Structure formats: structure tokens, C-alpha cells
Amino acid sequence: MAAAWWKRVAIIVVALVLAAPPSKADGANSTAAGGNSTAAAAAAACPLDLGYVATLPWDRAPCEPPVANTTACCMTLLSVLGVGLAARLRATGQFRLPSAGASAACLRAFSGALSAPPLSLPASLVPGCFPVPSQFAITRDYCAGVTTAAEYAAVAGDASVAGLNASCGADVTSLSVCTRCLNAGVGASARLTAAAGNSSKSQSCFYLTVLYAAGISSSAGPDSPATASCALGLALSTPPHTPSSTTSASTNHTTNIAVAATIPIASVLLVSLVAALLLWRRKRRREDSIKMRRIQISESSRRSRPRPNTGSVMFDICELAKATGGFSERNVIGRGGFGVVYRGVLGDGTVVAVKKMLDPDVEGGDEEFTNEVEIISHLRHRNLVPLRGCCITEADDDPDEGKQMFLVYDYMPKGSLDQYIFPDDDGRRRRAMSWAQRRAVVLDVGRGLEYLHYGVKPGIYHRDIKATNILLDENMRARVADFGLARRSREGQSHLTTRVAGTHGYLSPEYALYGQLTEKSDVYSFGVLVLEVMSGRRALDLADPSGVVLITDWAWTHVKAGRPREVLAGALRKEPSAVVAAMERFVLVGILCAHVTVACRPTMPEALRMLEGDMDVPDLPDRPQPFGQRIGFDEGESNFSASSILSSPFVDFGDMLR
């Protein structure tokens, strides 16, 4: 329960963090709204009442000098400022701030409130945490055109608003009540995102929902410690305490102890995320100059060289820089939590994909990294992307860059699978994919995983099977890519790890919850991928009006209702009945592979036999009841996720591991 709590708190605070910095378009619009001159911005008045800053019992320790961790302090200040924004919404019905000038004025006033007694915090905190003065100004394109509480209610709908008011209106000191409030917020946010017609607006829409819950729905108001803690994720120096009797006092005291105990854990994870965000922003400012310096390094000083007794090459950074045009933005072909991938052409004309890893701190250091490269480079299978080698370098010309690690793969000209099965931001399919091609892709991925599990000794678990990690060669044959997260198994044992890697929506429950990694963890991810290929629906869909965001829940509901055809993509339903029956078999196998209980999942060889029709698909075992939603948080990619199978207090999580 404690783990569930801090994940929920993490979502709220990270929504604030990710929603606060505006896009370029937002920044431009905010500046225009605030006036065309610096003088106009300076003359604007702050519409926020910041008197609560000195009286609300928020935890000031992260910001007290000397500030040991700036990102932790900035995260706290975002939540504190969120209280004022929610209070203004409550009083005026207006979201965020009306102009760039008002945003700048409020940041100055906020800085003054923090530096004045009794807080006496450094005056440099606010300029350092919020370098863009206009970032809290509202714009029409921020989320579905919503700028007022009335517009929010109209777009979100009466049912969503009623749910927020009912769930968040009472005292949210109780953990169970706060949980209901946050779940109602996710449902309302999904409707806003759907109305926006752009999944990239999901975080902005969720941010508005947080302000609405704290400012409008809450009966106590956003400056209530309980509301600030639950809805805005603000760490309190004194836990909220509202006993009405001996029994309620004991219950609240126990709840507050649990909250206080989990806040440090959440803080560690959030600090790591924000630090990565700030580092990325600093790197972008220096990117052009760094690239140019690398290209100018003498090519004759070092050369790439084959690694003795291996199939891999230890590449030189100069060769990779030249191959990718100085790691030019125009050569970027992919991004993700793992890093950035560039298209490059080596000196001999070979086209390669160069992956720059964002997290170079590999367990075991350089030796462990090169050993893994050696293992992977020896793998040869038609359904795996060949790894050519790696590169490890210290950025002497830019100390802030530190150590850098690169992986060099064969280039796959047809791109990744997600480009073919998912629509773009405008809702249009980017490329068409026939049933024959989908069938071939699923079988190719299955054979690649079968080889990793059983074709090498000891077996290898991929840990991050998803559509963006499935690449297509010139013949549209699928190849499994991104072995940066792969781990070798120990014979006869599951692999327990403290570093859960992967992407929510694809992660098996036993791995996400307990770090228990087995071959069945990859089977679960494979099942989710099969459902994505057959339906054209993403593993996680926060914008779905039904509120069912996990593809496994959605597909299970249709199949149990006797409607497996409804799981298929619209274009596939037009096929003849005999072909549709084969497609439905794929859907059933996908659901079986993604079953919550480990023992119910087939092995990869068994799954392949079912897909090919050489083995009957057993009746689908029941899943834990009841259905509901629970929110999780992906530290690597900042994704929201919801899982019905983990939401119920009646579920015995131990059953998942059997």
C-alpha cells in the first residue's frame, strides 16, 4: 500500500514538473499575451495571493541553505506555487495566469515571499528553478482550448466533473479517499486529452485536472494541508491531523506515518527525473558547439579497431561523429528512454544505426558494458538486429558531458513497427499493414525471443519488448532490437533485480512489483505486442473515452463478452470469415501470453505453436477480480499507466508469481 501511495504522489508532482515549462508555441503566445515589450511585462501585477507561502506547513528542508539538491528544491517550489494557482482558480474560475507579464510578476512576488522572514530562503531559488518567466501563462492550445473552470466542465463532461467533486470534495486526509480522488482525476484528464485530439497534451490536461480538483472540487480548498498533500503532492513538515474521536485519530495518525515514510522514497525518484530533465535542457543549448568540436578532432589520432576474439568492433568516437554528421539533429531516427538513435554512414559506405545511451552508468562499469556487447555481438539470428560494436569515450572537450557510451547496429531501412500499426498525432495511419504482414511480424518476433530464451546458454531475457524496439528490414521482416536492457538468466532460477527496466504497459506484474525476471516476463510483453499489432491500439491509451487504458483489459473485456472480432483493427475485420478466425486466434494467444498469473502464460515455443495452428489455444483462465484502475509511474519515460489487475485489495499478489 505504501508503494502504491508514493507512486500516486509521484504522478501529481511530475505532472506539475512536466507541465510547467511551456512549449515554444506556448512561450510565444504567452509573450504576446503579456505585451510586446519588457516594460509591459514589468508593469503587470501578480493576481495571486501568496500569503499562504509563509503559513502552510510545507517541508522547506530541500530549499534551506546550503541547497544540496537544487532539483529537489525546484520540485517542492512547483507544488507550493501550485497551491496559489489552484486558489486563484477557486476565486476567479481562471486557470494558471492570464499573461506572460503576470507570470513574471508572480515569480518575482513568489521569490519575495520565500526570501522574506520567517522563511528567509535564498533569493536565487525562483530564478534558478523557473528560468522562463512566462511559463505559467495559459494559452488556448495548452489543453483542448480550456482556460476557465466553466470551459473545463464543458469539455470534461458532467460525469467527470461530478466524479471529481464527489471523490475530491471531502476531507482527503484518508489514504483511501485520496486514492479515489486521484483515480477520478485520471478519468477526467483522459476525456480532456481525447477532446484535445492530441496525445502529447495529456500531461497539460492532467495538470489542469489537478488544479481543478484542488481549487474547485475540494471543500477545504487548496491551502488545506490535506488537499495540498493529496492533490498537489506537496510534502508537509507536519502531517495533516484532524481527529474526531479516539478511533479516527488513531487511523489518521497511522495514515500520516505511512505518508511521511514514503515521501523520501518518492523524492529520490522524482529528483532523479528532474535532474535528467534539467541536464537535457543544458545539453541542448551546447549541442551545436559540441558537435563541431568533435568533428574537428584529428581523425588520424585514433582508429576504430576489432576486439580480439569477438565479433564486435570498438569504434572510435571520431569515426562515429563523422558518420553521423557530428550527431546532427537531421540524422536522428529515434528517441526514447534508452537514448537517441542516429543514422550514420561509415567510411566503407556501410549504413548503421548509432545509439547514444542516455544512462551510461552500467552496473559493473565499462567492463560489464563491453562484456554485454561481446555477448550480443555473437548472436546471429534472422530475427535479431545485428550489433556491430560499441564505443566508450570521456568527453574531454566538454566535462559536463562526462562518460558517453554508444552501440552500433546494422541499419534497418523500413523503420520501427510502431510507424505501421499506430496512427500519428492527427489520428491518421502513417503506413498501411496487411494481415499477412502483421502475421509475419508477430511470428518473426516470437522466433527471435524463442532464440534468446532457448537458442543460447544461458538464456537471455530482453526486458523491453515493445513496438518501437521491433525494426523492419528491406523485406519487411521483423527483427528484435535494443539489447541494452538484456540480462542473461541463471540456470534454473528466476532473475531478481533491483533495477526494473522497461516500459509500463508492457511490464509483467511480477517484474514491475517485485523485480522478479523470468522468461515469462518477456512472454507477457510479447502478448501485449501481439494485441497492439492486431488491434492498432497502443498498450496504454489515456485518451480512450471508456476509461479502460490498458490494452490487456480492453481486449479481455471484448473476448469475455464473445466479441473477439471487436479487438481487430477496422481494416482487418473486412477479411473473409476464415481469415478472421485465424486473426482471432492471434488475439486469444496475445491475451493468454499477457495473463497476470505467471503459470497461465505459455513459453515462447508453445506460443509459436499456438499461433501457427499446431497447438490448440486453451480456454482463457479467469483473471483476478474485481476490475478497476490503479495508477503507476514510469521513471524512465514519464508515462502514466493504469492496471485493473493491481487495483483490488482482494487480489493475492502472490498468485501472480505461481
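How many aromatic pairs does a search of the whole structure find? The search finds seven. Before I describe some of them, please note that this is a predicted model.

Let me begin with the chain in general. Of its 658 residues, 53% count as buried. The chain has 21 helices and 15 strands. If we take the contacts between residues at least 6 apart in sequence, 66% of them join residues at least 24 apart. The chain exposes about 27,100 Å², and carbon and sulfur atoms supply 54% of that area.

I return now to the aromatic pairs, of which the search finds seven. One of them joins Tyr142 and Tyr207: the ring centres are 6.4 Å apart and the planes stand at 75°, an angle over 60 degrees, so this pair is classed as edge-to-face. Tyr142 belongs to the loop between α6 (125-129) and α7 (149-156), while Tyr207 belongs to helix α10 (residues 202-217), so the pair ties together parts that lie 65 residues apart in sequence. Are these two tyrosines buried or exposed? Tyr142 has a relative accessibility of 2% and therefore counts as buried. Tyr207 is buried as well, with a relative accessible area of 2%.

A further pair is formed by Tyr152 and Tyr212. Here the centres are 4.4 Å apart and the planes meet at 15°, which is under 30 degrees, so the pair is stacked. Tyr152 lies in helix α7 and Tyr212 in helix α10, so this pair ties together parts that are 60 residues apart in sequence. Tyr152 is buried, with a relative accessible area of 0%, and Tyr212, at 5% relative accessibility, also counts as buried. Which residues do ring pairs link into a cluster? They are Phe95, Tyr152 and Tyr212.

Helix α10 also holds Thr209. This threonine is buried, with a relative accessible area of 2%. With its neighbours within four places in sequence left aside, Thr209 is in contact with Tyr152, Leu164, Gly185, Ala188, Ser189 and Leu192.

Arg60 lies over the face of Trp58, at 5.6 Å from the ring centre. Arg343 lies over the face of Tyr411, at 5.3 Å from the ring centre.

My last topic is the pair of strands β4 and β5. Strand β4 covers residues 339-345, and five of its seven residues are buried, so the strand is largely enclosed by the rest of the structure. In which sense do β4 and β5 pair, parallel or antiparallel? The two strands pair in the antiparallel sense, over seven bridges.

Strand β5, residues 351-357, contains Lys356. The UniProt record, an unreviewed entry, carries the annotation "binding site" at Lys356.

Terms used:
Residues numbered from 1 in each chain as written. Predicted model: local features only at pLDDT ≥ 70, side-chain atom pairs only at ≥ 80, totals over all residues. Heavy atoms only, no water. Phe/Tyr/Trp six-rings, centres within 6.5 Å; stacked < 30°, edge-to-face > 60°. Helix = DSSP H or I, 4+ residues; strand = E, 2+ residues; numbered from the N terminus. Buried < 20%, exposed > 50% of the residue type's maximum accessible area, 1.4 Å probe, protein only. Lys NZ or Arg CZ within 6 Å of the ring centre and 35° of its normal. UniProt positions renumbered as here; feature names shortened; annotations may be inferred. Contact = heavy atoms within 4.5 Å. Areas by Shrake-Rupley, 256 points an atom, 1.4 Å probe, with all protein chains shown as cover. Pairing = 2+ DSSP bridges.
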